[in-house]
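Subject: Structure handover

Hello,

Here is the structure you are taking over. Please open it and keep it beside this message while you read.

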Amino acid sequence: MKRLRVAVLISGRGSNLQALIGACSDAGFPAEIVLVISNVARAPGLAHAEAARIPAKIIAHEGHASRDAFDAALDAKLLEAGAELVCLAGFMRILSDGFVRKWQGRLINIHPSLLPSFKGTRVHEQALAAGVRISGCTVHYVTPELDSGPAIAQAAVPVHPGDTADALAARVLVAEHTLYPLAVKLIADGLVRLERGKVVFSDCPDTEGILISPLPEKRSAFFDPPSRGG
Ligand code: GRF
């Protein structure tokens, strides 16, 4: 089986990188990580690459005269590694329009909200301030406008009364670790692609079920319609 060659870009903790490494460690998974790049020399996530014996490079933005020079160095490393898909996983640097256009359709990101709600930073604070009862995460194609590219997959989690931003972040992060490998698999299996700015699916089974939050009491006949013939 030919596996999709994936590069993962990080700046910090790298828990999503670790989730992708875990998925790719299964020989039946249709993608492999060929390169990890961090723009932060001491990013804790680099240890995950090292432990999995994945080549890792540090491209420190301070060492580059301009954003374009940094992005050119990034592009060169990705080409050298033969990357076919680039996954941003907590990569805290805005990429130039030129870089994004060049990699469009092969550049994806995970964001810890149900986009288009709550773009940018302090996402969980934004969700709590807005009072939503359900939040989640989104894997999307990257476009020049921040956190605005079309969604490939989303996962929802409840917001609990009394949640702090940290508690909500932790719940969303668990969902991220399932969603990111799933989105990479959809792409690697050829079930999803970007066409003229829209995400197109082929042969992708629909999800069933409803997430309700909060649920005032244990599910009962009041909430669940009688089953057929029951
Ligand atoms: C995640 O919440 C991701 O959605 C966001 O940055 C965070 C990175 O976490 N873009 P980690 O470095 O993958 O642990």
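Start with a salt bridge: the side chains of Glu 32 and Arg 5 meet at 4.0 Å, N to O. Keep in mind that this is a predicted model. The pair links distant parts of the chain, with Glu 32 in strand 2 and Arg 5 in strand 1, 27 residues apart. Are these two side chains' residues buried, partly exposed or exposed? Glu 32 has a relative accessible area of 27%. Arg 5 has 30%. Buried means under 20% and exposed means over 50%, so both count as partly exposed.

The structure holds 8 salt bridges. Two others are worth a look. Asp 163 meets Arg 171, side chain to side chain, at 2.7 Å, N to O. Asp 163 counts as buried, because its relative accessibility is 15% and the cut-off is 20%. Asp 189 and Lys 185 also form a salt bridge, at 2.7 Å, N to O. Here Asp 189 is partly exposed at 36%. Lys 185 is partly exposed too, at 37%.

Strands and crossovers

Go back to strand 1 and strand 2. Strand 1 covers residues 4–10, and strand 2 covers residues 31–38. They run parallel, and 7 bridges join them. Within this pairing, Leu 9 has Ile 37 of strand 2 as its bridge partner. Strand 2 is mostly covered, with 7 of its 8 residues buried.

What lies between the two strands in the β-α-β unit? Helix 1, residues 15–24, does, and the unit is right-handed.

Strand 2 pairs with strand 3 as well. Strand 3 is residues 56–58, and the pairing is parallel, over 3 bridges. Ile 37 turns up again here, opposite Lys 57 in strand 3. To get from strand 2 to strand 3, the chain passes through helix 2, residues 46–51. This β-α-β crossover is right-handed.

Helix 1

Helix 1 is mostly covered: 8 of its 10 residues are buried. Among them are Leu 17, Leu 20 and Ile 21. Ser 15, Asn 16 and Cys 24 are also buried. What do the buried residues of helix 1 pack against? The list includes strand 1, strand 2 and helix 2. It also takes in strand 4 (85–88), strand 5 (107–111) and helix 6 (165–188).

Two domains

On the domain 1 side, 19 residues are in contact with 14 residues of domain 2. The area buried between the domains is about 1,400 Å². Carbon and sulfur atoms give 77% of that area. Which residues of domain 1 lose the most area to domain 2? They are Asn 16, Pro 30 and Val 100, together 30% of what that side buries. Asn 16 is one of the buried residues of helix 1. How many salt bridges cross this interface? The rule finds 0.

Two loop residues

Finally, compare two positions in loops. Asn 39 sits in the loop between strand 2 and helix 2. Arg 196 is in the loop between strand 8 (192–195) and strand 9 (198–201). Which of these is buried, and which is exposed? Asn 39 is buried, because its relative accessible area is 4%, under the 20% cut-off. Arg 196 is exposed, because its value is 82%, over the 50% cut-off.

Look at what surrounds Asn 39. Leaving aside neighbours within four places in sequence, Asn 39 is in contact with Ile 10, Ser 11, Ile 59 and Ala 60, among others. Its contacts also include His 61, Phe 70, Phe 91 and Arg 93. Phe 70 is 31 residues away along the chain, and the C-alpha atoms of Asn 39 and Phe 70 are separated by 9.4 Å.

For Arg 196, look towards Gly 105. These two are 91 residues apart along the chain, and their C-alpha atoms are separated by 9.6 Å.

That is the handover. Write back with any questions.

Best wishes

Definitions and conventions
Residues are numbered from 1 along each chain as its sequence is written. This is a predicted model: local features need pLDDT of at least 70, side-chain atom pairs count only at pLDDT 80 or more; totals for chains, interfaces and linings use all residues. Side-chain values use heavy atoms; hydrogens and water are left out. Buried means under 20% relative accessible area, exposed over 50%, partly exposed in between (1.4 Å probe, protein chains only). Helices (H or I, at least four residues) and strands (E, at least two) are DSSP runs, numbered from the N terminus. Two strands pair if DSSP finds at least two bridges between them. A crossover is right-handed if, with the strands pointing away from the viewer, the path from the first strand over the helix to the second runs clockwise. Contact means heavy atoms within 4.5 Å. Buried area is the accessible area (1.4 Å probe) that two parts lose on being put together, summed over both.
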